[in-house]
Amino acid sequence: MARVDIILNGRPYGLACDDGQEQRLRELGSYVDARLREVAHDASGGSETQLLVLTALMLADEIFDLRAELGGPRRPVPTPVADAGFAPRAEDDSVIAAVDSLAKRIEDIAARLDRT
């Protein structure tokens, strides 16, 4: 397991990743840091948590826009709470799998941050 240090909004974060994924994690960290700095520049007086939430929402908006451009689902994937009768359509399966995979990766990163 490799270790990578990234900087987000001036704060260092040490992350573990699979061997060979170090450069990709650095690139992702640089991208998120750039977007976070844009949000921090535009938001006045927000806490770090608020800045991170706004950045996450902005990145999600980018994903939704790209999905629409590529002909994917144009609506957010409903949650069981928002739509109790939700039954995924066949074309949603790949989106659901991608979101599940991303959620797992985020959980893994959060767990690594908790250990540091």
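Biologist: Is Arg37 buried, partly exposed or exposed?

Modeller: This is a predicted model, and the reading rests on its computed values. A residue is classed by its relative accessible area: under 20% is buried, over 50% is exposed, and values in between are partly exposed. Arg37 has a relative accessible area of 42%, so it counts as partly exposed. Arg37 belongs to helix H1.

Biologist: Which residues does Arg37 touch, once those up to four places away in sequence are not counted?

Modeller: Arg37 touches Asn9 and Gly10. The C-alpha atoms of Arg37 and Asn9 are separated by 6.2 Å, although the two residues are 28 residues apart along the chain.

Biologist: Where does Asn9 lie, and what is its phi?

Modeller: Asn9 is not a glycine, yet its phi is positive, at about 55°. Asn9 sits in the loop between S1 and S2. Its relative accessibility is 27%, which means that Asn9 counts as partly exposed.

Biologist: How do the elements of the protein chain run from the N terminus on?

Modeller: The order is β-β-α-α-α, with 3 helices and 2 strands in the protein chain. Strand S1 covers residues 2-8 and strand S2 residues 11-17. Helix H1 takes in residues 22-42, and helix H2 residues 48-69.

Biologist: What span does H1 reach from its first C-alpha to its last?

Modeller: H1 has 21 residues and reaches 30 Å, close to the 30 Å expected at 1.5 Å a residue.

Biologist: Which residues of H1 are buried, and what covers them?

Modeller: The buried residues of H1 are Leu25, Gly29, Asp33, Arg35, Leu36 and Val39. Their cover includes S1, S2 and H2. For a contrast within the helix, consider His41, which is placed in H1. His41 counts as exposed because its relative accessibility is 68%. The C-alpha atoms of His41 and Leu51, which are 10 residues apart along the chain, are separated by 9.9 Å.

Biologist: Why does Ile6 count as buried?

Modeller: Ile6 counts as buried because its relative accessibility is 10%, and the cut-off is under 20%. Ile6 is found in strand S1. Leaving aside neighbours within four places in sequence, Ile6 is in contact with Arg11, Pro12, Tyr13, Leu15, Leu25, Arg26 and Gly29. Of these, Leu25 and Gly29 are among the buried residues of H1. Ile6 and Glu27 are 21 residues apart along the chain, and their C-alpha atoms are separated by 9.3 Å.

Biologist: How is a pair of packed helices described?

Modeller: Two packed helices are described by the angle between their axes and the distance between the axes. In this model, the axes of H1 and H2 come within 9 Å and cross at roughly 115°. The crossing of H1 and H2 is right-handed.

Biologist: Which residues make the contact of H1 and H2, and how do they divide by class?

Modeller: H1 contributes Tyr31, Val32, Arg35, Leu36, Val39 and Ala40, while H2 contributes Leu51, Leu52, Leu54, Thr55, Met58, Leu59 and Glu62. By class, the contact has 10 nonpolar, 1 polar and 2 charged residues.

Biologist: Why does Thr55 count as buried?

Modeller: The relative accessibility of Thr55 is 2%, and therefore Thr55 counts as buried. Thr55 lies in H2. Not counting residues up to four places away in sequence, Thr55 touches Val32, Arg35, Leu36 and Val39.

Biologist: Which residues does Leu59 touch, with residues up to four places away in sequence not counted?

Modeller: Leu59, also found in H2, touches Tyr31, Val32 and Arg35. Leu59 and Leu36 are 23 residues apart in sequence and 9.8 Å apart in space, C-alpha to C-alpha.

Biologist: What do the totals for the protein chain show?

Modeller: Buried residues make up 20% of the 116 residues. The accessible surface comes to about 8300 Å², of which 57% belongs to carbon and sulfur atoms. Among contacts between residues at least 6 apart in sequence, 31% join residues at least 24 apart.

How values were computed
Residues are numbered from 1 along each chain as its sequence is written. This is a predicted model: local features need pLDDT of at least 70, side-chain atom pairs count only at pLDDT 80 or more; totals for chains, interfaces and linings use all residues. Side-chain values use heavy atoms; hydrogens and water are left out. Axes are lines fitted to C-alpha atoms, for helices over the stretch in contact, and angles run from 0 to 180 degrees between N-to-C directions. Helices (H or I, at least four residues) and strands (E, at least two) are DSSP runs, numbered from the N terminus. A crossing is left-handed if the near helix is turned anticlockwise from the far one by less than a right angle, and right-handed if clockwise. Contact means heavy atoms within 4.5 Å. Ala, Val, Leu, Ile, Met, Phe, Trp, Tyr, Cys and Pro count as nonpolar, Asp, Glu, Lys and Arg as charged, and the others, Gly among them, as polar. The expected span of a helix is 1.5 Å times one less than its number of residues. Buried means under 20% relative accessible area, exposed over 50%, partly exposed in between (1.4 Å probe, protein chains only). Accessible areas come from the Shrake-Rupley method with a 1.4 Å probe; for residues, only the protein chains shown count as cover.
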